[in-house]
Amino acid sequence: MSQDRDSLLDNIDVNPSTSSDYFDRIEGLPTETPGSSSLTPPAKLPQIWAAFAATLSALSAGIVLGWTSPIAAYLTNGKYNDIAIDSHQMGWIGSFAALGAMSMCIPTGFVCDLIGRRKTLLLLIIPFTGGWALIIFAKNILALYFGRLITGMAAGGCCVAAPLYIGEIAHQSIRGALGTLFQLMIITGIFISYLFGVFLTPYKFTEFCACVPLIFHILFMYQPETPSYLIKKGSYEEAKKSLIKLRGANYDVDSEFTRIEGGLKENTQSATSLKDILTQRPVVKAVIICFALMFFQQFSGINVIIMYSSIIFQSTGIEFNSNVATIIVGAVQVWATLFASLIIEKVGRKKLLIVSLSTVAVNSVILGIYFSVKTRLHVNGVILSDIAFIPIAAVCLFVLGFSLGLGPIPWMIASEILPTEIRSMVGSAAGTFNWCLAFVLTKSYLTLYQILGDDSMFYSFSILSIIGAIFIIMMLPETKGKSVAEIQDELSH
């Protein structure tokens, strides 16, 4: 495999009848056809291990997001390094992580294309370590702000690079399951923060948080770069070694490698500009879908539920420790996302999204009705205590429904429906959009709540979720087991 790029590509017999579709040029996900010479299926364990190691960055990001929740009271009491923090400053400590994440998504997309998906993920150890060091040794509020901002930047970077990496190393037979691993690790990180924050002192807890990215870096540094990226850059020997490591020595690696190279040869023969790609009907629809899913994910109200679950539980009249409430919600979210990863290849993305949005819409209405009865009808407190199980169940079902589809699928969909040429660019832009919406919602919710009331907010979330379900039914093709070419063909109709 030491030949130069042109001579190597010239030796490939590309059948125009099977590789002519523009959007199937650099697909590293082979499809088994009758009479194929590959009788041994690709090994799954190496792909699962590589995806797991990559998404330890997402676990680190989840810990960043969850850090403030279990120690909020400790921070506002001025006990953390004797730094005086009021409620307004506490809001900014929570929000700076979202701002940092938002600022890093688009740059991360460019870096992924410049130096590779693997190296980009490994470089995240710098902002992770630097940010946590600022937080641990902070002597004033500015150090905490910058620490949260920088760790947030690392979280935003992994939200682009990790899904991109997984989408390009996974065989299409397990692509959906591995794709959900990113969201699973994010919410597992949040859950770990809730759990360890209760049982460790704030200082030990923060030191624990700082150690998790180091574990990610050590485990991931032994994983390969994605074959698609290596071939795109002309590193053919490395690409073949990567395929062998990911698929196993018994799999027909040469056959898949030839298909990827054939797609690359066709790509070099068809000089199509980025502008031309972005103006094609199926690509435009795919981009709209990516951004719309991010919108519906955030405007489902999930961040409101996560941040204010303890307040909702307390409003029922039942004495709930706020940390216990967040642990319950976190546990439900982890379980539901894990369940989604097990069934996504059987049920499909589209059906899971429809079920997810419908469940969120129904339970938002239930919560809205409960708060209408409580705040507008002023129903007797005894009656409210008798029906206290209703909002508690609604919150848990809301989180469960969200985690089944609306949580994991928006992050993985870009790697399934977009051509390789614009995958990182659009994915990073959509990630920026997501974090921007998260910041706006979390900062404005309390103000809107005071103006409109809790019930109106939940009714609004329900209406938007219903609109989201209709959008999915009309616009999103099922992507399960399909190549980008097949999906783009469906989008063109």
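How many disulfides are there, counting a disulfide as a pair of cysteine sulfur atoms within 2.5 Å? The count comes to zero. Before going on, note that this is a predicted model, where local features need pLDDT of at least 70, side-chain atom pairs count only at pLDDT 80 or more, and totals for chains, interfaces and linings use all residues. Residues are numbered from 1 along each chain as its sequence is written, and side-chain values use heavy atoms, with hydrogens and water left out.

**Stop 1: the cysteines.** Select C159, which is in no disulfide: the nearest cysteine sulfur belongs to C158 and lies 4.5 Å away. C159 counts as buried because its relative accessibility is 5% (buried means under 20% relative accessible area, exposed over 50%, partly exposed in between, with a 1.4 Å probe and protein chains only). Now pick C290, which counts as buried because its relative accessibility is 2%.

Stop 2: Go to helix α3, residues 45-66, where you'll find S57 (helices are DSSP runs of H or I with at least four residues, strands are runs of E with at least two, and both are numbered from the N terminus). S57 has 0% relative accessibility, so it counts as buried. Leaving out residues up to four places away in sequence, S57 touches L121, F128, C158, A162 and F216 (contact means heavy atoms within 4.5 Å). Jump across to L121: beyond its neighbours within four places in sequence, its contacts include A54, A161, Y165 and F220.

**Stop 3: the nonpolar cores.** A nonpolar core here is a set of buried Ala, Val, Leu, Ile, Met, Phe, Trp, Tyr and Cys residues joined through side-chain atoms within 4.5 Å. The largest one has 126 residues, and W67, L121, W132, L144 and L418 touch the most other members. Helix α8 supplies the largest share of this core, 15 residues. Next, select I231, A239, Y251 and V253, which are among the eight residues of a second, separate core.

Definitions and conventions: A disulfide is a pair of cysteine sulfur atoms within 2.5 Å.
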